[in-house]
Amino acid sequence: MSGRLPVNLIIGAVLVALVVGVAALSLVWTPHDHAAMTIRNRFQPADATFWLGTDQLGRDIVSQLMVAARNSMTVALVAVLIGGSIGVMFGLLASALGGWVEDLIMRVADIGFAFPALLFAIMLSAVFGPSLTIAVAAIAFINIPVFARVSRASANQIWTRDFVAAARAAGHGRFAISRDHILPNIAAPVIVQGTIEFAVAILAEAALSYLGLGAQPPSPSWGRMLSEAQTLMFMAPHLAIYPGMCIVIAVLGFSLLGDGLRDITDPRLKRRRA
Amino acid sequence: MSAPLLQLEGVTRRYRMPRTALFRPPPVLTAVDNVSLSLNAGQTLGIVGESGSGKSTLARMIMAFEAPDEGAVLFQGADLNRLSGADLRLARRRFQMVFQDPFGSLDPRRRVGWSIAEPLRATGAEDSAARVTQALDQVGLRAGDAEKYPHEFSGGQRQRIAIARAIVTRPALLVADEAVSALDVSVQAQILNLLMDLQEEMGLAMIFISHDLAVVACICDRILVMRNGKSIETGDTGALIANPRHDYTRSLLVASGLET
Amino acid sequence: MALTQVSVAFSGAVALREASVSIAPGARLGIVGESGCGKSMLGLCLMGMVPDAAQVTGSIRLNGQELAGAPERVWRRHRARDVAMIFQEPMAALNPLKRVGETVMEPLMIHEGLSRPAARARALALFEEVGLPDPAASLRQYPHEISGGQRQRVLIALALACDPGLLVADEPTTALDANVALRIIELLVRLSKSRNMALVFISHDLAAVSRATEQMLVMYGGDIVERGPTAQVLAAPRHPYTQGLLGARPGLENRGRTPDGRRKRLVTIPGTVPPLFDLPQGCRFSGRCGQEFAPCARHRPQPTALGGGQEAACHLLSPLHAGRGAA
């Protein structure tokens with residue numbers, strides 16, 4: 001009984017493996033060139049050549065979905081890594097220094113929380129022009145306060161532990177302790193948060209692309225495929241359904257994986273299961 | 001006689017409590033109230049009191065984890081709270097601490113040898129592998145135990161590891177805050193004997209803090225009784241047990257089974 | 001209440017081995033041992049609260065009625081009215097959102113069918129009986145507003161609410177300051193006498209057990225290794241484990257210094273308590289015992305009567321090895 005993994009973890013891991021696997025496969029192989037347009041082949045139904053059919057420009061949908069998965073993963077990964085690193089750094093700093101520094105960092109984080117990501121992305125696009133880099137920057141930015149909060153809350157707990165006091169007695173300063181003791185011990189909650197934020201980032205990337213603020217043509221993206229399919233909704237509903245399903249699978253997969261990881265790393269839940 | 005190793009002069013520490021009302025000033029808790037003591041090299045002093053008596057706050061000030069609001073903590077004649085960061089770090093080699101909870105005082109993600117060598121690295125001392133092996137040997141553990149993680153040890157063994165870390169820099173003073181309170185009686189006796197061995201071999205001065213007067217009495221030359229932040233009685237162990245002047249001390253004697 | 005040959009096992013790990021205990025009305029029994037010796041498990045057996053995962057064998061009788069293997073429904077009828085329990089951590093056992101008076105009144109209204117005013121009057125009387133200062137005001141307080149000792153008094157009042165014949169106290173004083181613990185022990189002894197209520201006092205603290213009880217059991221590794229009148233066992237322990245436990249406790253006799261100027265050392269028991277799944281087959285204490293000989297590791301020692309109601313389970317004391325024991 002105790003050795004069993006939670007169901008959400010297993011389902012999440014399977015869905016994530018599927019999406020990541022497809023994205024990785026697109027690097028070396030797609031059924032067709034995702035950007036190749038053949039007007040003769042527009043609105044082909046699903047068959048042996050085009051597994052999910054073609055769009056209004058005759059492009060293969062499967063190939064586009066695969067490449068879009070790769071784009072989506074890359075954006076989410078880079079954004080979460082950047083946002084996470086900066087956020088964790090601020091969180092550790094706030095926790096280590098305390099006092100007014102902590103107050104200042106956390107109040108700024110509160111403001112960051114209140115700031116809608118889309119608005120930020122639109123502002124950046126207005127200044128610099130829409131591009132994938134802007135989308136990544138916007139998503140990374142909204143992740144900073146999230147990670148700052150999580151890492152500060154976890155770090156504050158670790159700071160009260162005796163082994164931290166022992167490290168102080170040993171003669172270590174606040175930064176050495178943050179590096180040697182705090183960071184390794186908050187890794188679990190931060191990784192859990194990172195997995196959940198990955199799902200949020202995929203959704204955000206889809207939303208930005210839908211608005212034309214993310215990946216630019218010819219680079220395919222689930223969000224832009226949706227927006228292009230919108231005008232053809234009644235003529236070719238499958239053009240909207242497939243990218244929509246991809247978004248659902250990816251977001252659901254990472255959310256479940258994050259939940260599952262939390263279940264197995266949270267000591268309180270562990271005790272209840274034991 | 002030379003100057004004392006450790007001297008506390010009228011040390012007071014206050015904490016501000018959360019506000020109870022918007023326009024009233026927040027209440028202040030005086031955790032330690034005007035406590036003075038002095039300890040010579042190689043001596044053992046027991047601090048006895050119940051939870052909330054201020055004994056742990058006193059320990060934190062001796063360890064320079066926090067500064068007193070009034071008074072001074074002098075270690076080998078130097079005021080710890082006036083030292084520069086680098087000097088304080090260096091001074092920490094000479095006074096170390098053992099904590100109550102053997103499951104909390106070791107980082108679960110670090111190998112035991114890493115934790116024991118931590119004071120050496122932090123204070124810039126050298127030759128850590130040999131020193132770690134020696135410290136493990138002194139507390140009755142094997143050199144190979146340095147490669148293990150804390151969860152592989154029992155509570156008593158972990159407390160031995162914590163003691164090894166505290167003595168690895170060869171300090172002059174060891175502060176033990178309820179260091180045996182979390183242990184079973186038979187293991188508690190082993191650790192107390194170990195502390196006595198180390199104290200005699202290394203000429204350690206020791207501040208031994210506990211709620212249990214019986215434990216303190218078996219290891220300390222002198223005892224200081226604390227209540228509500230104040231030092232209410234202090235004296236040689238034998239005299240204090242035979243002739244407690246304060247009713248509170250007598251009640252602690254009864255509670256610990258030393259007097260019926 | 002009587003337990004005969006009760007064993008509790010968790011998939012291979014024996015937490016309690018063939019323990020027999022009988023408790024007469026009004027008796028005060030101490031159970032002593034270190035962590036993992038089975039003393040809490042014995043307490044849970046008395047309450048019928050052994051975890052579901054455990055296999056329990058043997059007989060548990062309450063006022064002549066067999067309760068071993070009885071379903072939860074049957075046990076629930078007896079809990080509170082016949083057997084009640086208090087625990088180590090009084091804060092954890094109280095609902096923080098409820099006034100303590102309400103907590104005590106609840107079982108009175110449910111089990112005894114008392115009206116609200118009647119329950120309140122009973123709770124007030126109970127609070128007076130357990131020595132809470134200003135009982136009327138205490139009824140309206142929340143758990144966080146009162147001290148640890150007072151919380152333990154509230155829990156004792158709660159345990160007494162349905163007038164049980166037996167009170168099981170599992171480490172009731174461990175979380176309390178020494179002076180407060182002393183008062184709680186005095187209270188438990190007084191209540192046991194005035195109500196003719198049996199008291200089972202489980203503790204690792206020999207001083208507390210000597211104050212609280214008349215009879216005592218010493219447990220080690222799931223076995224009862226020694227039993228007898230408390231004063232007699234503490235004055236003249238016969239089992240090597242009991243002797244070690246007493247010697248390990250700092251007292252007046254091991255204070256001071258030896259002639260060569262070194263401080264006197266405490267008697268120690270080598271090693272640590274082994275985990276339940278790794279206990280030796282014969283005598284549980286073999287491997288740590290300083291007087292071990294051939295049969296110890298293989299054969300389980302049977303209790304030997306030592307006079308005055310004291311008995312100990314050790315091969316050294318058994319008539320079969322009499323010569324050995326004298327040596």
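## Basis

In this predicted model, local features need pLDDT of at least 70 and side-chain atom pairs pLDDT 80 or more, whereas totals for chains, interfaces and linings use all residues. Residues are numbered from 1 along each chain as its sequence is written, chains are lettered from A and ligands numbered from 1 in the order in which they are written, and side-chain values use heavy atoms, without hydrogens and water.

## The contact between chains B and C

Chain B contributes 37 residues and chain C 29 residues to the contact (heavy atoms within 4.5 Å). The two chains bury about 2700 Å² between them, 49% of it on carbon and sulfur atoms; buried area is the accessible area (1.4 Å probe) that two parts lose on being put together, summed over both.

Four salt bridges are counted between chain B and chain C (a side-chain nitrogen of Lys or Arg within 4 Å of a carboxyl oxygen of Asp or Glu). One of them joins Arg263(C) to Asp221(B), with the closest N and O atoms 2.6 Å apart.

## Strand β9 of chain C

Strands are DSSP runs of E with at least two residues, numbered from the N terminus. Strand β9 (residues 215-220) of chain C is largely enclosed by the rest of the structure, because five of its six residues are buried (under 20% relative accessible area, 1.4 Å probe, protein chains only).

Strands pair if DSSP finds at least two bridges between them. Strand β3 (residues 28-32) of chain C pairs with β9(C) in the parallel sense over four bridges, and Gly30(C) stands opposite Met216(C). With strand β10 (residues 223-229) of chain C, β9(C) pairs in the antiparallel sense over six bridges; here Gly228(C) is the bridge partner of Met216(C).

Notes. Buried means under 20% relative accessible area, exposed over 50%, partly exposed in between (1.4 Å probe, protein chains only).
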